[in-house]
Amino acid sequence: KYIHIINKADMAASKGLKILVGCKRVIDYAVKVRVKPDRSGVVTEGVKHSMNPFDEIAVEEAVRMKEKKLAGEAVAISVGPPQSQETLRTALAMGIDRAIHVEIPLAQLEKLQPIHVSKLLAKVCESEKPDLVILGKQAIDDDCNQTGQMLAALLDWPQATFASKIEPSQDSKQLRVTREVDGGLETIDVSVPAVVTSDLRLNEPRYATLPNIMKAKKKPLAKMSPDQLGVDLQPRQEVISVEDPPVRKAGAKVESVEDLVGKLREKGLVK
Amino acid sequence: MQALRRVFALNQNASWTRTVLATQQKSCLLSSSSILDIGIGLSAEKRQIQELALTFTQNEVAPHMQKWDAEHIFPVEMFTKTAALGFGAIYCKEEHGGSGLSRLDASLIFEAIATGCVTSSAYLSIHNMCAWMIDSTGTEEQRAKWLPQLAPMSRLASYCLTEPGSGSDAAALKTTAKSDGNYYVLNGSKAFISGAGATDLYLVMCRTGADGPKGISCVMVEKDTPGLSFGKIERKLGWNAQPTREVVFENCRVPKSNRLGPEGSGFGLAMRGLNGGRVNIASCSLGAAHASLLAAREYMTVRKQFGKQLAEFQALQFQLAEMAAQLVSSRLLVRQAAQSLDSGDPGAPAVCALAKLHATEQCFDVCNRALQLFGGYGYLLDFPVQQYLRDSRVNCILEGTNQVMRMLVARDIIGRLGDA
């Protein structure tokens with residue numbers, strides 16, 4: 001047996017990885033979401049929004065990789081309305097170096113789909129040339145779980161989704177990512193550049209601090225438009241209606257396992 | 001983020017009481033009303049600071065509010081976390097670890113934290129006031145020694161002005177500080193001192209000279225100084241998450257180098273500290289009223305009587321409207337007072353007194369009305385409004401009673417009687 005010492009300097013090269021982190025502004029997780037009376041969507045006006053929780057985890061991971069000197073620069077990007085700037089300011093206050101806002105006009109916002117976002121991100125990757133893109137695994141508003149995967153496909157980069165751990169590989173030339181899958185934990189090595197999506201247990205995000213909030217004001221925040229990036233936002237899907245899930249009905253209590261099996265047979269759920 | 005984990009792991013409680021409480025804890029602060037928007041009129045930058053304080057409060061303060069009150073726990077660990085965010089010395093200069101922010105920022109932070117625990121926010125504001133007194137008046141040595149300990153809240157401070165014989169008549173204080181070489185020898189006692197026994201540094205207003213305000217100096221006394229002792233922990237209606245005790249000086253020798261500012265300047269310093277203290281305590285009242293109003297509103301959409309939600313009864317809707325008027329008018333006045341302090345307005349003390357007077361009284365009434373709207377459940381200790389009520393009641397009394405506030409406001413309006 002020999003002990004292999006991971007040389008972080010290999011992975012870091014002289015500058016460290018350049019990381020691009022995606023952040024989405026979504027309705028805050030604790031808000032009671034209400035469907036609009038015309039059933040075209042949910043009420044968003046006047047409702048509290050915040051950074052998608054999985055994106056907070058992605059931002060935190062990028063900042064930690066900087067602190068560990070695995071990364072040299074971390075850039076946050078958000079595709080959304082003007083208010084997405086608040087989301088980016090939060091990322092900057094957590095330790096991200098600079099931010100990019102791809103502003104989407106209100107008319108096109110509701111019809112924006114992961115395919116559009118991933119194309120926009122792919123275009124930005126062409127110019128920014130990051131070594132690693134970290135996205136939240138899914139947004140808590142649409143639960144699509146598509147953007148990371150689509151982005152990797154568009155760029156033809158390896159993807160490591162549902163990450164619960166990211167570290168340098170044994171030979172320090174790749175990233176070793178532990179993924180949360182249905183069967184348990186899967187560990188894979190991916191070469192960079194790569195797309196990783198964050199899962200819940202990857203880390204626990206920090207609070208911004210007052211000094212960092214003040215410092216973030218001076219960090220650069222660049223604006224771009226989909227036209228500048230040459231991406232067509234034509235919707236591919238049409239939302240027909242949005243409805244409340246059925247009201248939960250009362251259940252029934254049974255006294256014994258026999259009763260339970262009997263009831264299940266009655267309802268035709270068990271043969 | 002931790003709150004999100006709690007959501008995913010939430011246990012299924014059958015009791016109706018618990019269902020209401022659980023929903024309240026999560027969503028009651030997320031009003032989509034523009035009137036009740038806690039960030040009303042604020043810039044994006046101020047909202048970001050407020051957002052930080054609110055998120056921290058929801059995760060680290062609000063879930064423990066009830067327990068700290070019931071078990072009389074002074075949450076030192078939580079204070080250390082607030083200090084890590086920069087809340088320990090909000091308006092002290094950055095040189096020695098302060099956050100270099102404004103009185104308005106401080107007001108937003110205390111209001112936010114008070115939505116999760118009035119008592120804790122109040123103590124945090126007292127600590128901030130003491131840190132500022134040292135930062136603004138201390139010598140370079142005193143600032144360099146104390147601020148690096150107070151800003152991270154690794155040492156905590158208390159403010160000692162009131163005595164058994166002098167509350168509103170503060171300048172009549174009797175604790176003496178007799179000169180003895182390079183020391184003062186303190187004799188006397190202070191009453192109702194917040195944090196006493198649990199804190200490390202006491203800013204004591206004591207008599208170094210003749211009677212009256214000009215004979216008073218401010219001296220810093222460290223915790224284990226011989227001759228410093230404490231009375232029993234007082235049993236109070238509220239503020240149970242904070243020990244309140246008499247502080248007793250018996251031939252307590254304190255180096256003269258612990259004096260803040262020149263001899264005879266102590267009363268002025270104490271009063272200047274209180275201007276900010278009044279904005280801060282009023283901010284705590286705002287937080288209590290805000291949380292109570294939103295809790296009542298939430299309850300009224302859940303509770304039904306006579307086949308309708310309580311929220312459908314006009315008389316009760318009018319209650320909410322009036323409570324909103326009380327809360328929002330208080331909020332705007334408090335923030336205005338903070339801004340007048342920030343801009344160095346010579347009229348600031350009077351505005352601070354007016355804000356303290358108005359906000360503490362109106363916000364207590366909001367809590368009281370909210371309790372009524374909860375009906376019988378409002379009286380149960382399981383529901384939070386009774387704690388906001390009990391905790392905010394004393395705000396009408398300390399940092400200058402509201403009767404003294406009336407004196408100060410009247411004096412500003414008609415001038416000092418006898419003045420030309």
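## Chain A in outline

Of the 271 residues in chain A, buried residues make up 44%. This is a predicted model, and in it the secondary structure of chain A comes to nine helices and eleven strands. The C-alpha trace of chain A spans about 70 × 60 × 40 Å along its principal axes, and the chain exposes about 15000 Å², with carbon and sulfur atoms supplying 51% of that area.

When contacts in chain A between residues at least 6 apart in sequence are considered, 71% of them join residues at least 24 apart. The charged side chains of chain A number 41 positive and 38 negative, and the centres of these two sets lie 3 Å apart.

## Chain B in outline

Chain B has 420 residues, of which 54% count as buried, and its secondary structure comes to 13 helices and ten strands. Its radius of gyration is 22 Å, close to the 22 Å that the globule rule gives for 420 residues, so chain B is as compact as a globular protein of that length. Along the principal axes, the C-alpha trace of chain B spans about 80 × 55 × 40 Å.

The accessible surface of chain B comes to about 17200 Å², and 54% of it belongs to carbon and sulfur atoms. Among the contacts in chain B with a separation of 6 or more, residues 24 or more positions apart account for 75%. Chain B carries 41 positive and 37 negative side chains, and the centres of the two sets lie 3 Å apart.

## The nonpolar cores

The largest nonpolar core has 144 residues, and those with the most contacts inside it are Ile96(A), Met133(B) and Tyr159(B). Helix H9 of chain B, which covers residues 266-302, gives the most to this core, with 18 residues. Apart from this core lies another, of 24 residues, and among its members are Val79(A), Val102(A), Cys125(A) and Leu229(A).

Leaving out residues up to four places away in sequence, Met133(B) touches Gly138(B), Tyr159(B), Leu203(B), Met205(B), Cys218(B), Leu260(B), Leu269(B), Ala270(B) and Gly273(B). Beyond its neighbours within four places in sequence, Ala270(B) is in contact with Met133(B), Tyr159(B) and Met205(B). The C-alpha atoms of Ala270(B) and Ala359(B) are separated by 22 Å, and the two residues are 89 residues apart along the chain.

## Two buried residues in loops

Leu233(A) is found in chain A, in the loop between helix H8 (226-229) and helix H9 (257-266). Leu233(A) counts as buried because its relative accessibility is 8%, which is under the 20% cut-off for that class. Not counting residues up to four places away in sequence, Leu233(A) touches Ile104(A), Gln108(A), Leu112(A), His116(A), Leu120(A) and Pro226(A).

In chain B, Ser166(B) lies in the loop between strand E1 (157-160) and strand E2 (176-180), and it is buried, with a relative accessible area of 1%. When residues up to four places away in sequence are not counted, Ser166(B) touches Ala172(B) and Leu173(B).

## Backbone features in the loops of chain A

The peptide bond that runs from Val192(A) to Pro193(A) is cis, with omega near 5 degrees. Pro193(A) has its place in the loop between strand E9 (184-190) and strand E10 (194-198) of chain A.

Although Lys129(A) is not a glycine, it has a positive phi of about 50 degrees, and its place is in the loop between helix H5 (114-128) and strand E6 (132-136) of chain A. Lys129(A) is exposed, with a relative accessible area of 60%. A positive phi, of about 60 degrees, is also found at Asn145(A), which is not a glycine; Asn145(A) is in the loop between E6 and helix H6 (147-155) of chain A.

How values were computed: Residues numbered from 1 in each chain as written. Chains lettered and ligands numbered in written order. Heavy atoms only, no water. Core = buried A, V, L, I, M, F, W, Y, C linked by side-chain atoms within 4.5 Å. Buried < 20%, exposed > 50% of the residue type's maximum accessible area, 1.4 Å probe, protein only. Helix = DSSP H or I, 4+ residues; strand = E, 2+ residues; numbered from the N terminus. Contact = heavy atoms within 4.5 Å. Rg over C-alpha atoms; globule rule 2.2 N^0.38 Å. Areas by Shrake-Rupley, 256 points an atom, 1.4 Å probe, with all protein chains shown as cover. Lys, Arg positive; Asp, Glu negative; His and termini not counted. Charge placed at Lys NZ, Arg CZ, Asp CG, Glu CD.
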